[in-house]
Number of protein chains: 2
Amino acid sequence: MSRATVIGDPRLAFIARLDGAAADIERLLDRLLAAEPIAAEIARPTRLLEAMRYASLGGGKRLRPFLVIETAALLGVPRERALMAGAAIECVHGYSLVHDDLPAMDDDALRRGRPTVHKAYDEASAILAGDGLLTFAFDILARPETHPDPAVRVALVAGLARAAGIGGMAGGQMLDLAAEGRFGAPPNREHDVVTLQAMKTGALIRFSCEAGVILGQASDATRETLRRYGKALGQAFQIADDLLDLEGDAATLGKSTGKDEAHGKATLPALLGRDAARTRLAALVGEAEAALAPFGEAAAVLSAAAHFVAERRS
Amino acid sequence: MSRATVIGDPRLAFIARLDGAAADIERLLDRLLAAEPIAAEIARPTRLLEAMRYASLGGGKRLRPFLVIETAALLGVPRERALMAGAAIECVHGYSLVHDDLPAMDDDALRRGRPTVHKAYDEASAILAGDGLLTFAFDILARPETHPDPAVRVALVAGLARAAGIGGMAGGQMLDLAAEGRFGAPPNREHDVVTLQAMKTGALIRFSCEAGVILGQASDATRETLRRYGKALGQAFQIADDLLDLEGDAATLGKSTGKDEAHGKATLPALLGRDAARTRLAALVGEAEAALAPFGEAAAVLSAAAHFVAERRS
């Protein structure tokens, strides 16, 4: 298809940009996770490196790095810097999948159409691969290639640690286990489900949008704007995910489905009904688009991302 | 005992300083791990917070924070800053114990005389508590209270990530699993054992000494000096640990013993014999002391620490 066609259709432009981000992130992670140890490292044990590479390379839509790259681009940040921050966030995302898939957690055998890390390697290697990727994310952010100004790098570290930690993703995973009823009757009101999801998936998606603003050293107002976009996008992502778990096909998704219902886990589609959940989803896409209004046409690809997230089938 | 006695005997002075560091770290971690969420956190789920507190409070010699505090004190760094960095390193140490104790790893039921985290809670909570503590370490380092200069904070993040990651502690844990023969015949020559230990326990102990230098913004020569001290101390610590595993008493140690022999794991005492290992240990204490020579009497407590590490019985 011609370049004019791609530019003309924001959806196609979005897909081209998403694919471009994924290819660049793949190349960067492949380079960062090379066999040779770097300064202050003693060695990179082969089995751990391979498990970390297996967990982070060759798969995934790379939505979070895409969000870093595109919000950074809005603010004139060089792409190489956004790629470094995006690679760090992707390491955190990858670690969370490896640990969530463990037998003691969600006990999943399949991820992105391949055996999960503890199936392809073993449980101990999977635990360590997750630990290694989480630690590596902060190593990446601390490097001068991410941004020459240490104040920017440390702001990224602070933001990522808080989005991923007890008050964000890790805390959300604990609430998710509780929502299965593991630790007594689960608190399953709508408010609880919204909090759980804001933490478990929302915090990292929202931070991906803020990372671009941190790299761009933009105003607090701009950060607030893109935080609002990221927050709506994160909620939309989760509702779409829950609908896919209800209605999707395991082969297309590359992971098992129907698990929430089997676990009696409260999701918004389960609490509100599918139609109301779809209405909520559409409203969130509208919110995400509205947040982007100050940027005009420059943010068209981020608007398209909101539609993609809501409408995806895998 | 009088203050004069304490000052006169470096060993007693050391014990007083180690206890003081432990008490201050306990108070600081208790405050940092409070129930209330802080900026950009959505909530601190109770069960995860409790498991993180269980894993990090109320136990441990706090040797690593002590090393940060004392090397920082040599260079005139305010104690509050060293405590922040020490608390971060202690979170990483605590996470490593929680994950190492998991059934898929060393499968330990007892730690510091109490049930391990997966015994006191459950396996999923233990995995998440470790993840939460590791992430929290970087949160702590990124805060302005750790140091007003972002360049110092980001240097701490970089150093900790590299000491804890694939090229340091996490990599060392993988080599340790391999040394049990899990993934085929283990490479158990002396060189392999030294590398394993330099990574598994050495890297974090060495970094604890370097952290004081980073906080003090001292010269590269000073960093090299304290790195040499930290490296010798780390090796001494591990040989003493291996001897304790062979000869120690589980009740005194608060953890099980005799595990290395049972697992057929190569240690320096096993490879060289206990007497040769003791000779090596004494030589390492000498090396650690020699490295401190440029600091004269000011480093007496760090010298005493080297003796303590070599001679400890628990």
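Residues are numbered from 1 along each chain as its sequence is written, and chains are lettered from A and ligands numbered from 1 in the order in which they are written. Local features need pLDDT of at least 70 and side-chain atom pairs count only at pLDDT 80 or more, whereas totals for chains, interfaces and linings use all residues; side-chain values use heavy atoms, with hydrogens and water left out.

The model scores ipTM 0.95 and pTM 0.95. Where pLDDT is low, the predicted coordinates should not be read in detail.

The same surface serves both copies, as 100% of the contact residues of chain B recur in chain A.

Helices are DSSP runs (H or I, at least four residues) numbered from the N terminus. In chain A, the axes of H2 (residues 10-32) and H5 come within 9 Å and cross at roughly 75° (lines fitted to C-alpha atoms over the stretch in contact, with angles from 0 to 180 degrees between N-to-C directions). H2(A) is therefore roughly perpendicular to H5(A) (65 to 115 degrees). Contacting residues include A:Ile25 and A:Leu28 of H2(A) and A:Leu83 and A:Ala87 of H5(A).

In chain B, H3 (residues 46-56) and H7 (residues 123-141) pack at about 75°, with axes 9 Å apart, so that H3(B) is roughly perpendicular to H7(B). Among the residues that meet are B:Leu48 and B:Met52 in H3(B) and B:Leu128 and B:Phe136 in H7(B).

Helix H9 of chain A (residues 169-179) is mostly covered, with 10 of its 11 residues buried (under 20% relative accessible area, 1.4 Å probe, protein chains only). The buried residues include A:Met169, A:Met174 and A:Leu177. Their cover includes H5, H8 (150-164) and H10 (190-215) of chain A together with H3 and H7 of chain B. A:Gly181, which follows H9(A), has a positive phi near 85°.

Key. Contact = heavy atoms within 4.5 Å. Helix = DSSP H or I, 4+ residues; strand = E, 2+ residues; numbered from the N terminus. Parallel < 35°, antiparallel > 145°, perpendicular 65-115°, else oblique. Buried < 20%, exposed > 50% of the residue type's maximum accessible area, 1.4 Å probe, protein only.
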